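Subject: Structure handover and notes

Dear colleague,

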Amino acid sequence: MDRSHRPGSELEAVKSRHWLSLARIKTYSVAMLVIYVSVVMIWGLKTKGFTSDSIVRPGVDFSAFWAASYLALKGQAASVYDYDALKPVIAAFGAVPGGGKFFLPWAYPPTFLLFVVPLSLLPFAASYTVFICGTAAIYVSSLIRLMRFSGVPRHAVWLPVLAFPGVPGAVLIGQNSLLTAGIAAWSVILLKRRPVVAGALIGLLSVKPQFGLLLPVVLVADRAWKTFFTAGVTAITLGACSIALWGWETVPTFLGNGTHFKETVLEQGGVGWRFSPTIFAMLRQAGGSVAAAYWIHGLCAAFAIWALIRVWRSSASTGLRIAALAASTLLFSPYLWYYELTWLGVAIAGLAVEGVRRGWMARERELLVLAWLLPLPLALNGHGYFPPIGPLVTLLLLLAVLRRAVTDGREN
């Protein structure tokens, strides 16, 4: 174990001996941002200012959100689960290529309609811009707030956060992973000082339930009962409101569609597995059976739950708790795509806080760099050139967090 990088009189001298200095982080981040801007500019030229439908345009996944809002405002909320009704709206207004060669079904619970229903009140491009700016603000502000605990200058925080490949991955296709990861991070940050607010935020994650299932576990482990019950009341209230507005029939329709979606997209995903950083997808891509993939993924998920509880029952800091929650959530769900690695950015930030505050352990910075880069090859893996290392990187990150929590508990 290397704790030579401890705060103290020799801190700057020790920093200079490692290649990953703050100056280099800034330089690399700026370089990545320049690359992203260049890609968007070329994209804009190819699509004549994003007006041509020859290829997809920014906000392709957001097209389903906007189309669901459009149908809901016309009193056809239940038809969002009918792809024959949803697809023509997406084709007419969305950022999809011409010719109808796209598959963007609505796979969310009825509660998510409460969030997206105002979107079609604005034209598609304006609505997409407002949605992305709002959710990105929630995400970036949570990580900047978290990194404040480390004493690192603000400019050294927001640059690598914005340049993290998981952010443009979610922004350019218009996904909601910035929102879910930001809500989760803020809920843990506010847990001790604002338990009711934290509970309300956790309850909001019921709109994407696979990302909120481990939060009740940590609340019980932490004996945060006020937050636990507030989260439950919030989730129940959202469900009741959605039923009151859209009707009970949306619930069995959602459940039925979920079963079909699981069988066709998750279990028989084919090319899609290349974009999924899960143990399940890795095993299916390697030729494993559905049953074997579920069993091994389940074992990994059980370990993730154990590690998460172990961290939360220790004297771990807020940063380590957030990192453990984010990494465990990614390992727990078998249904996960590259654009949801915004959660990995939360785990990176949580572990980085501890490295700066208390000194770096052996190989931590190298692991953080690998995790920071991970969304990039996953997003570009349409031809399967990159090996499926996503779940292994996430597992190593969780192990690094667990090592921190155990070691710090022994030293205290």
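The model is a predicted one, in which local features need pLDDT of at least 70 and side-chain atom pairs count only at pLDDT 80 or more, whereas totals for chains, interfaces and linings use all residues. Residues are numbered from 1 along each chain as its sequence is written, and side-chain values use heavy atoms, with hydrogens and water left out.

**Two helix pairs**

Helices here are DSSP runs (H or I, at least four residues), numbered from the N terminus. Their axes are lines fitted to C-alpha atoms over the stretch in contact, and the angles run from 0 to 180 degrees between N-to-C directions.

The crossing of α9 and α10 is left-handed, meaning that the near helix is turned anticlockwise from the far one by less than a right angle. On the α9 side the contact is made by Ile183, Trp186 and Ser187, and on the α10 side by Ala198, Leu201, Ile202 and Leu204, where contact means heavy atoms within 4.5 Å. Sorted by class, these residues of the contact of α9 with α10 comprise six nonpolar, one polar and no charged; Ala, Val, Leu, Ile, Met, Phe, Trp, Tyr, Cys and Pro count as nonpolar, Asp, Glu, Lys and Arg as charged, and the others, Gly among them, as polar.

The buried residues of α10 are Ala198, Gly199, Leu201, Ile202 and Gly203, with buried taken as under 20% relative accessible area, exposed as over 50% and partly exposed as in between (1.4 Å probe, protein chains only). These buried residues of α10 pack against α9, and also against α11 (215-221) and α12 (225-246).

In the second pair, the axes of helix α17 (residues 342-358) and helix α18 (residues 364-373) come within 10 Å and cross at roughly 160°. That makes α17 roughly antiparallel to α18, and here too the crossing is left-handed. Leu344, Ile348, Leu351 and Ala352 of α17 make the contact with Glu364, Leu368, Ala371 and Trp372 of α18, and by class this contact has seven nonpolar, no polar and one charged residues.

**Two buried serines**

Serine 29 has its place in helix α2 (residues 22-46) and is buried, with a relative accessible area of 2%. Its side chain reaches the backbone oxygen of isoleucine 25 at 2.7 Å, which is a polar contact in the sense of a pair of N or O atoms within 3.5 Å, where within protein one must be able to donate a hydrogen and the other to accept it, and residues adjacent in sequence count only if both atoms are side-chain atoms. Not counting residues up to four places away in sequence, serine 29 touches Leu159, Pro160 and Ala163.

Serine 328 is found in helix α16 (residues 318-332) and counts as buried at 0% relative accessibility. The side chain of serine 328 reaches the backbone oxygen of alanine 304 at 3.2 Å, and, once neighbours within four places in sequence are left aside, serine 328 is in contact with Leu214, Ala304, Leu308 and Leu398.

**Residues in loops**

Valine 117 lies in the loop between α5 (111-116) and α6 (124-147) and is buried, with a relative accessible area of 17%. Leaving aside neighbours within four places in sequence, valine 117 is in contact with Ser69, Ala72, Leu73 and Trp246, while valine 117 and alanine 77, which are 40 residues apart in sequence, are 9.5 Å apart in space, C-alpha to C-alpha.

The loop between α2 and α3 (62-73) holds lysine 48, which counts as exposed at 68% relative accessibility, and whose phi is near 55°, a positive value in a residue other than glycine. Phenylalanine 50 also lies in the loop between α2 and α3; phenylalanine 50 has a phi near 65°, again positive in a residue other than glycine, and is partly exposed, with a relative accessible area of 30%.

Definitions and conventions: Parallel < 35°, antiparallel > 145°, perpendicular 65-115°, else oblique.
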